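Here's a quick briefing to read alongside the model. Have the 3D view open as you go through it.

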Amino acid sequence: MTRTLTLASIQFTPSDDEQDNIDRVAAFVREAAEKGADVVLPPELFTGYYFCKTQEEEHFARAYPWREHPAVEQLSELAAELGVVIPVSIYEKDGPHYYNSLVMIDADGTPLGVYRKSHIPDGPGYQEKYYFRPGDTGFRVWDTMKGRLGVGICWDQWFPEAARAMSLMGADALLYPTAIGAEPQDASLDTAARWRRAMQGHAVSNTIPVVAANRVGDEEGQVFYGTSFIADPTGEIVIDFGRTEQGVLVAEFDLDEIDRERAAWGFFRDRRTDLYDILT
Ligand code: PUT
């Protein structure tokens, strides 16, 4: 029997109402499940505005222990009801520590664990180092009921090392929840095209499907550029959104065919680990 994996990406404009955002993501997950999705990826930190644009003490109150996060609790029930995997991006509080995290919810509703964002950006409009410790989980893949999934959170997506690590761990697909758009220090700087190309490169070099789910639209003056997409293992974008639409993207992949292609291309056969000390 052929192993297939149907991947979905959600692009939307969150409000600053936590329950409203969870409800809207739930509706998108239902829509994706109706279209046959096995895995449905919402954007980064979707339960509120992207609060990292400035440094405000009050925003630490947005974090929860990951098992108690309302998005994790409610989307676990939905995952079980629909039989879909939902990787849920959250602001996590663990004792005195705060992380930008991802909880992988399996298709029976079981939360399989947490990944904590490894690369934390800092700059105008994206002051994440104030809010998040660098992740201490290392890169992870999860054996879900639908396939082995690797997730990098936003800034992680620019690092080929992260994509390679998850691919070496046997990921069937790489997923990137994201919050990216305007650069307030330079109105003429538009990073959308290079953002896509970076991840399309991960797809090519690891012969693996890639899903990117971005926020879209204006959040109190900060504009997110959407352009979410699903790329095939050649790096080709098979389905995408522009800079305004909200909704779900769905694409199906044949995992056995991809395994054959990956073997045939030989990237993993030909790696020269004896030359890579410089990378560490
Ligand atoms: N989510 C962080 C994006 C950083 C863009 N400069």
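Start with the ligand: one of its nitrogen atoms sits 2.9 Å from a backbone N or O atom of A179, which is a polar contact here (a pair of N or O atoms within 3.5 Å; within protein, one must be able to donate a hydrogen and the other to accept it, and residues adjacent in sequence count only if both atoms are side-chain atoms). Keep in mind that this is a predicted model, where local features need pLDDT of at least 70, side-chain atom pairs count only at pLDDT 80 or more, and totals for chains, interfaces and linings use all residues. Residues are numbered from 1 along each chain as its sequence is written, and side-chain values use heavy atoms, with hydrogens and water left out.

- A nitrogen atom of the ligand is 3.0 Å from an N or O atom in the side chain of E183, and a polar side-chain atom of E128 lies 3.3 Å from a ligand nitrogen.
- On its own the ligand has 240 Å² of accessible area, and the protein covers 91% of that (Shrake-Rupley method, 1.4 Å probe).
- Around the ligand you'll find E44, Y50, P121, Y126, E128, C154, A179, I180 and E183, each with a heavy atom within 4 Å of it.

**Helix pair**
- The axes (lines fitted to C-alpha atoms over the stretch in contact, with angles from 0 to 180 degrees between N-to-C directions) of α1 (residues 18–34) and α2 (residues 70–82) come within 11 Å and cross at roughly 20°.
- Helices here are DSSP runs of H or I with at least four residues, and strands are E runs of at least two, numbered from the N terminus.
- α1 and α2 are therefore roughly parallel to each other, a label for angles under 35 degrees.

**Around T234**
- T234 sits in the loop between β12 (229–231) and β13 (237–240).
- Its side chain makes a 2.6 Å polar contact with the side chain of D232.

Conventions. Parallel < 35°, antiparallel > 145°, perpendicular 65-115°, else oblique.
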